[in-house]
Amino acid sequence: MAVQRLAIIGTGLIGASVGLDARASGARVSGWDPDPDALAQAVERGAVEPAGSLAEAVDGADLAIVAAPVSVLAEQVAAVLDASSDETTVTDTGSTKSHIVAAAGGSSRFVGGHPIAGKEAHGAGHASSGLFEGATWFLTPTTETSPERYALVHGFVGELGAFPHAIEPAAHDELVALTSHLPHVLANVVVNQAGATRVEGHEPLANAGGSLRDMTRIAGANPRMWIDIFLDNADAVRAGLAEHRRRIEEIEAALARRDDEFIAGWIGEAAANRRRMLDVAYGDAGALQRVQVHVADRPNVLAEILQAFGAARIDIRDFELDHVSPEQGGTLSLVVSGEDEARRIQVVLESQGYGVVVSPVLEDLDEG
């Protein structure tokens, strides 16, 4: 690894995960966090060597990564640039970029960054080596950025297993508003609408199907983090909501005039766009098969199934568990590539007494 001495400012999930990978590659990693408990947790995980101050952490570092919360990120980036020498390149991991890049004041040593990786949990206790494997990692160099500094960060990100992708800061903020921030807003809106509604005395949330659970999985996520993200990227989120409102009004008008032709085209466009998204994630989306099996709510049931797949060397591309209740258990959905692999899973599961349903992912859009 070209980076021999790394400083991590902010030792939560992202910072600690970077530290685990960097230390595994032989780098010396010094960490500091204004929260002593967060730093202690990262030290306990073996992600960093503790520093007594921000200045101590960045002293002699080849690269300093600022992984602080969005609310204090700009302040921390400026502090790291002030405290570090000209030999230290500085980057960050914030989910918005325009404000952060501006805070760097045109420094040639700063390269904005944003890994598209993480978990619903937070904190160093949930950090993991390999978190960034295969992830997109946005980099936002400006005309002031030194090419050598950009090359250093680009190379470091690649060695973490991520795919670095250069983008203008404003374009980044508009892009993530659409692909991340707007979905979080809409998930909250949908689940709050369901939660606030009664239909002739019936409770929608008590009768929720897979569609509502799937669409609102990210609802209610870490308010401390998401308040800061929404406010920091408010202009781009508001623009996304305005376009969303226009599209909602289109389908509302089509329903009012019972325009089946428009609705068919609208659904077809969505299917094509979803396929494009799955092609990026999995390759040939048309080959993907979904295998669904009902499982009881009991200890070790998933471990038993997954161990059987491992013994049969079955390649699972993705999976999720839709839990209904302790009494009813849930549905385990597995995604594999190709009908042959789906049949192999079916044989394994049926040999253990499970009933199995197999369907193409692109035709398995909704339960209605």
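What share of the contacts in the protein chain with a separation of 6 or more comes from residues 24 or more positions apart? In this predicted model, such residues account for 68% of those contacts.

## The chain as a whole

The protein chain contains 13 helices and 12 strands. Taken along the principal axes, its C-alpha atoms fill a box of roughly 60 × 55 × 40 Å. The chain has 368 residues, and 39% of them count as buried. Its accessible surface is about 19500 Å², and carbon and sulfur atoms contribute 53% of that area.

Helix α1 covers residues 13-24. With 12 residues at 1.5 Å a residue, α1 should span 16 Å, and the distance of 17 Å between its end C-alpha atoms agrees with this. After α1 comes Gly26, which has a positive phi near 100 degrees.

Is α1 mostly covered or mostly uncovered? The helix is mostly covered, with 10 of its 12 residues buried. The buried residues of α1 are Leu13, Ile14, Gly15, Ala16, Ser17, Val18, Gly19, Leu20, Asp21 and Ala22.

Ser17, which is part of α1, has a relative accessible area of 0% and therefore counts as buried, since the cut-off for buried is under 20%. Leaving aside residues up to four places away in sequence, Ser17 touches Gly12, Ala127, Ser128, Leu131 and Phe132.

## Thr179 in helix α7

Thr179 sits in helix α7, which runs over residues 169-195. Its relative accessibility is 52%, so Thr179 counts as exposed, the cut-off for exposed being over 50%. Gly240 lies 61 residues from Thr179 along the chain, and the C-alpha atoms of these two residues are separated by 9.9 Å.

## The pair α10 and α11

Helix α10 (residues 234-256) packs against helix α11 (residues 260-282) at an angle of about 145 degrees, and their axes are 8 Å apart. On the α10 side the contact is made by Glu250, Ile251, Ala254 and Leu255, and on the α11 side by Phe262, Ile263 and Trp266. Sorted by class, this contact of α10 with α11 has 6 nonpolar residues, 1 charged residue and no polar ones.

Which order do the strands of the open sheet of 4 strands follow? The order is β10-β11-β9-β12, and the pairing is antiparallel. The edge strands, β10 (318-325) and β12 (356-360), each pair on one side only. On average, and with direction ignored, neighbouring strands of this sheet are turned by 20 degrees against each other.

Strand β10 pairs with strand β11 (residues 329-337) over 7 bridges, in the antiparallel sense. Within this part of the sheet, Phe319 has Leu334 of β11 as its bridge partner.

Two helices lie across strands of the sheet, as listed here.

| Helix | Residues | Strands it lies across | Angle |
|---|---|---|---|
| α12 | 301-311 | β9, β10 and β11 | about 20 degrees to β11 |
| α13 | 339-351 | β9, β11 and β12 | about 15 degrees to β9 |

Strand β9, covering residues 288-295, is among the strands that α12 lies across. Helix α13 also lies across β9.

Note on methods. Residues are numbered from 1 along each chain as its sequence is written. This is a predicted model: local features need pLDDT of at least 70, side-chain atom pairs count only at pLDDT 80 or more; totals for chains, interfaces and linings use all residues. Side-chain values use heavy atoms; hydrogens and water are left out. The expected span of a helix is 1.5 Å times one less than its number of residues. Buried means under 20% relative accessible area, exposed over 50%, partly exposed in between (1.4 Å probe, protein chains only). Axes are lines fitted to C-alpha atoms, for helices over the stretch in contact, and angles run from 0 to 180 degrees between N-to-C directions. Contact means heavy atoms within 4.5 Å. Ala, Val, Leu, Ile, Met, Phe, Trp, Tyr, Cys and Pro count as nonpolar, Asp, Glu, Lys and Arg as charged, and the others, Gly among them, as polar. Two strands pair if DSSP finds at least two bridges between them. Accessible areas come from the Shrake-Rupley method with a 1.4 Å probe; for residues, only the protein chains shown count as cover.
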